[in-house]
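Open the model in your viewer and keep the selection panel at hand.

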Amino acid sequence: MKLAITGKGGVGKTTLSSILARLYADEGRQVLAADVDPDANLGLALGLSQAEVDSIVPISKMRKLVEERTGANEANKFFKLNPYVADIPEKYARDINGVKLLVMGTVDVGGSGCVCPEHVMLKAILSSLTYRKDDVVIMDMEAGLEHLGRGTAANMDEFIVVVEPGARSIQTYGNVKRLAKDLGVSRVRVVANKVRDGEDEAFVRSAIPAEDFLGCVHYNPEIITADRLGKSPYDLSPSALAEIRQIKAILDGA
């Protein structure tokens with residue numbers, strides 16, 4: 001199973017990604033979680049300490065590695081567009097609570113059309129993850145839709161759009177579904193987060209086709225407490241864990 005978790009900033013992508021990853025790890029599955037968000041928080045959500053997170057160098061910042069694999073350096077402006085990256089997860093992923101965490105980082109320069117060694121490296125790694133047949137791969141994507149324009153999440157089995165009960169968030173789902181189709185990803189489904197009551201849930205259900213709706217995670221002070229303490233919501237929020245376990249059951253039965 002290869003899942004890309006996407007949506008607007010602050011909607012709860014990292015919470016969903018981290019709990020799903022740990023639930024699959026609990027089953028003894030091989031799980032690789034890729035943090036593709038420039039504001040990398042997935043390590044904390046999986047259970048690393050702040051000091052451990054701070055010690056991780058994102059792949060995009062490993063200049064020597066990028067030069068070695070792409071052949072690009074100050075003297076050589078030409079570089080490989082298909083660098084060898086299959087060994088990267090085993091060499092550079094951090095093990096935490098049964099999950100292999102790979103922090104990707106981002107490219108600081110250039111727009112969606114950037115073709116530079118760092119971007120080529122990241123795209124090659126993300127593409128290679130989709131060929132890990134025995135692994136569950138969960139990508140915690142950057143906010144917005146830029147990653148879809150770059151094609152860095154192509155070949156995923158499914159996009160999960162995390163939304164809040166609001167018109168702008170629902171609009172993001174529509175845009176993701178349209179762009180995902182261009183990438184050949186036909187399945188785009190929704191998790192509604194920060195749902196306060198029946199009215200919120202009814203609003204989301206009225207806007208999302210039933211076949212695309214995975215379920216709700218209700219507004220939860222336990223998740224806020226976990227975030228404030230820098231702890232994993234998996235460990236501090238039994239209610240969120242139960243709701244996401246139900247969402248996972250739907251995914252497994254899909």
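**Stop one: the pocket**

The lining of the largest pocket divides into ten nonpolar, ten polar and seven charged residues (Ala, Val, Leu, Ile, Met, Phe, Trp, Tyr, Cys and Pro count as nonpolar, Asp, Glu, Lys and Arg as charged, the others, Gly among them, as polar). This is a predicted model: local features need pLDDT of at least 70, side-chain atom pairs count only at pLDDT 80 or more, and totals for chains, interfaces and linings use all residues. Residues are numbered from 1 along each chain as its sequence is written, and side-chain values use heavy atoms, without hydrogens and water.

Select Gly12, Thr14, Thr15, Ile223 and Asp227: of the 27 lining residues, these lie nearest the centre of the largest pocket. A pocket here is an open set of points on a 1 Å grid over the protein atoms alone, where a 1.4 Å probe fits, with protein on both sides within 12 Å along at least five of seven lines; lining residues have an atom within 4 Å of a point. Its volume is about 630 Å³ (the space filled by probe spheres set on the points, which are joined across faces, edges and corners).

Now colour helix 10 (221–229). Helix 10 gives the most to this lining, four residues.

**Stop two: helix 1 and helix 12**

Select residues 13–26 and 238–253. The axes of these two helices come within 10 Å and cross at roughly 70°. Helix 1 and helix 12 are therefore roughly perpendicular (65 to 115 degrees).

**Stop three: helix 4 and helix 6**

Select residues 63–70 and 117–129. Helix 4 and helix 6 pack at about 80°, axes 10 Å apart.

Methods: Axes fitted to C-alpha atoms, helices over the stretch in contact; angles between N-to-C directions. Parallel < 35°, antiparallel > 145°, perpendicular 65-115°, else oblique.
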